Amino acid sequence: MIAVSEQGTISGAAEYLKISQPALSLCVKKVESELGVVLFKRINRKYVPTSEGECYIETARNMLKIYDDMTRSLLYLSSDCRGMIRIGFGLARGSEFLPDVLPAFYRHYPEVTVKFAEEHTDILEQMLAEDRLDIAIIRTPIYHQELEYEVISTDELLLAINKNNPVIINSTKTKDSRYSFIDLKYMLNEAFIVSTNGPRMRTITNHLINTYHVNIKNVLETKSKATFMSLVMVDYGIGIVSESFRNSYDTGQEVEFFTLGLEGFGSQLSVVHKKGVYIPDYTKKFISLIKIFMEK
């Protein structure tokens, strides 16, 4: 019934299911007869679910999900030392974690296979929702309601400025951060570089600028983190980065970083997974190793 609803025709659904069209037609009629309801109506040669059909299909989807979750949980329970983790990372994030975390993980679970994907955070969310990933290490907020997360670290947001930029003279030392403080109001005449590599940092940057009523006139956008930092290194603009990005990118002595001194603004890195799914011990171990790495 799900296939008929999705394909819109008996012939299309039969081809999708790899069964004959008469067999599928008979199946639909049999279910309708047993339930005493009409599940589909014909509109412009398309099979469209009736209200009863919508109810049936929604229930069928839920039953399939329950079955899939059960079989996955049974697999994990029966082979907790031999399994697979499907993990997602934001772009370039895997290179930060995996060289340290993966060898440590395999010392504990040498028989577990780790498969990972590096994508934009919105794509990783979709993959989690569709059960194509087990966990993902991405920045919140999370937009899919069927997902839940645990924050593993909160990055301070920093302003990256070329060391020769005269605006630096407006910075002041602060006891609340190891970085000097600089106010965004001094940035009105600066080119502002905004990362469009995924929605999270762009959203945070826009929210910060709008909240503090900073009227930035010259905005440059780039998807490349390398381009972003290269422009700062040659003093072609300034930009906001997370502290973890600052620690993972070698800028030599060309760039200085400053705290914005903003309470409540930060970049939260989280472990995200689907609600209600079973998390095997080896996956919990992988998560704990990431937490240890982030605490260093």
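## N165 and its neighbours

Leaving aside residues up to four places away in sequence, N165 touches E190, D235 and I238. This is a predicted model, so treat what follows as a reading of that prediction. N165 sits in the loop that runs between strand 7 (157-162) and strand 8 (191-195).

Is N165 buried or exposed? It counts as buried, because its relative accessibility is 4% and the cut-off for buried is under 20%. The N165 side chain also reaches the backbone nitrogen of V167, at 3.0 Å. Then there's E256: it is 91 residues away from N165 along the chain, yet the two C-alpha atoms are separated by 9.7 Å.

## The nonpolar core

Now for the greasy part. The largest nonpolar core has 23 residues, and I87, F97, F105, I137, F286 and I290 are the ones with the most contacts inside it. Two or more residues come from each of strand 3 (84-90), helix 5 (94-108), strand 5 (135-139), strand 12 (267-274) and helix 10 (281-295). Helix 10 is the top contributor, giving seven residues. In soluble globular proteins, nonpolar side chains tend to be buried together.

Take F286 as a close-up. Not counting residues up to four places away in sequence, F286 touches I85, I87, F89, L98, V101, L102, F105 and V114.

## A nonpolar patch on the surface

Some nonpolar residues end up on the outside: Y16, L17 and I19 form a surface patch with about 300 Å² of accessible area together. I19 lies in the loop between helix 2 (10-17) and helix 3 (21-35). With 41% relative accessibility, I19 counts as partly exposed.

Definitions and conventions. Residues numbered from 1 in each chain as written. Predicted model: local features only at pLDDT ≥ 70, side-chain atom pairs only at ≥ 80, totals over all residues. Heavy atoms only, no water. Patch = residues over 30% accessible without salt bridge, like charges linked within 9 Å, V, L, I, M, F, W, Y side chains within 5 Å. Areas by Shrake-Rupley, 256 points an atom, 1.4 Å probe, with all protein chains shown as cover. Salt bridge = Lys/Arg side-chain N within 4 Å of Asp/Glu carboxyl O. Helix = DSSP H or I, 4+ residues; strand = E, 2+ residues; numbered from the N terminus. Buried < 20%, exposed > 50% of the residue type's maximum accessible area, 1.4 Å probe, protein only. Core = buried A, V, L, I, M, F, W, Y, C linked by side-chain atoms within 4.5 Å. Contact = heavy atoms within 4.5 Å. Polar contact = N/O pair within 3.5 Å; in protein donor to acceptor, adjacent residues only side chain to side chain.
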